[in-house]
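Have the structure in view as you read.

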Amino acid sequence: YFQRAVDMETDNAKKAKILLDMASIAAYEQSSKDFPTARKYARQAADLNPSWGKPYILIGRMYAGSGKLCGPGTGFESQKVLWPAMDMWNKAKKIDPSSADEAQKYINQYYQYMPTKKDLFQRNIAAGSSHPIGCWIGGTSIARGK
């Protein structure tokens, strides 16, 4: 029914809201979290409403919640998922002032779990360099240490 609503809606802002609802359902309201599908819907919502930060906040939350999916749950492999999460929250702040407080809340909340500068040094990763993320997230992000 949601997809039908998207297909029938002509207002892009309303269509984006429906897609973000679909993303939230796929990410958090099903028995199995389907983060890739949820990200697809969130990106579609962002494409329809480019100055809306909420889709990026949701994507950041999914990335931040993927430590156990992309690693053992603790340690560097689980922590590096926070880099692309921070990218998403920073993007939300940049494009949508109305989302800035919520995005900053997540940045503050998750900063404590970031890899340390020592972790980066021990792995011969330069802070500020591009680093592959892997897992379902894919792509690269900027390596950061606290």
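Start with a contact: Lys-54, Ile-57, Arg-61 and Ala-64 in α4 meet Glu-102, Ala-103, Tyr-106 and Tyr-110 in α8. Contact here means heavy atoms within 4.5 Å. The residues of this contact split into 5 nonpolar, no polar and 3 charged. (Ala, Val, Leu, Ile, Met, Phe, Trp, Tyr, Cys and Pro count as nonpolar, Asp, Glu, Lys and Arg as charged, and the others, Gly among them, as polar.)

Before going on, note that this is a predicted model, where local features need pLDDT of at least 70 and side-chain atom pairs count only at pLDDT 80 or more, while totals for chains, interfaces and linings use all residues. Residues are numbered from 1 along each chain as its sequence is written, and side-chain values use heavy atoms, with hydrogens and water left out.

Helix α4 also packs on α7. On the α4 side, the residues in this contact include Tyr-56, Ile-59 and Tyr-63, and among those they meet in α7 are Leu-82, Met-88 and Trp-89. This contact divides into 12 nonpolar, 1 polar and 2 charged residues.

How are the helices arranged? Here are the two pairs:

| Pair | Angle | Axes apart |
|---|---|---|
| α4 (residues 54-64) and α8 (residues 100-111) | about 15 degrees | 10 Å |
| α4 and α7 | about 165 degrees | 8 Å |

The angle of about 165 degrees makes α4 roughly antiparallel to α7; the one of about 15 degrees makes α4 roughly parallel to α8. (Under 35 degrees counts as roughly parallel, over 145 as roughly antiparallel, 65 to 115 as roughly perpendicular and the rest as oblique. Angles run from 0 to 180 degrees between N-to-C directions, and axes are lines fitted to C-alpha atoms, for helices over the stretch in contact.)

Now for the pockets. The largest pocket holds about 190 Å³ of space. It is lined by 13 residues, and Ala-64, Gly-67, Gly-73, Ser-78 and Tyr-113 lie nearest its centre. The lining divides into 5 nonpolar, 7 polar and 1 charged.

The second largest pocket has a volume of about 160 Å³. Of its 13 lining residues, Arg-43, Tyr-63, Pro-84, Asp-87 and Met-88 are the closest to its centre. Which helix gives the largest share of this lining? That's α7, with 4 residues. (A pocket is an open set of points on a 1 Å grid where a 1.4 Å probe fits, with protein on both sides within 12 Å along at least five of seven lines; lining residues have an atom within 4 Å of a point.)

Conventions
Helices (H or I, at least four residues) and strands (E, at least two) are DSSP runs, numbered from the N terminus. Grid points are joined across faces, edges and corners, and a volume is the space filled by probe spheres set on the points.
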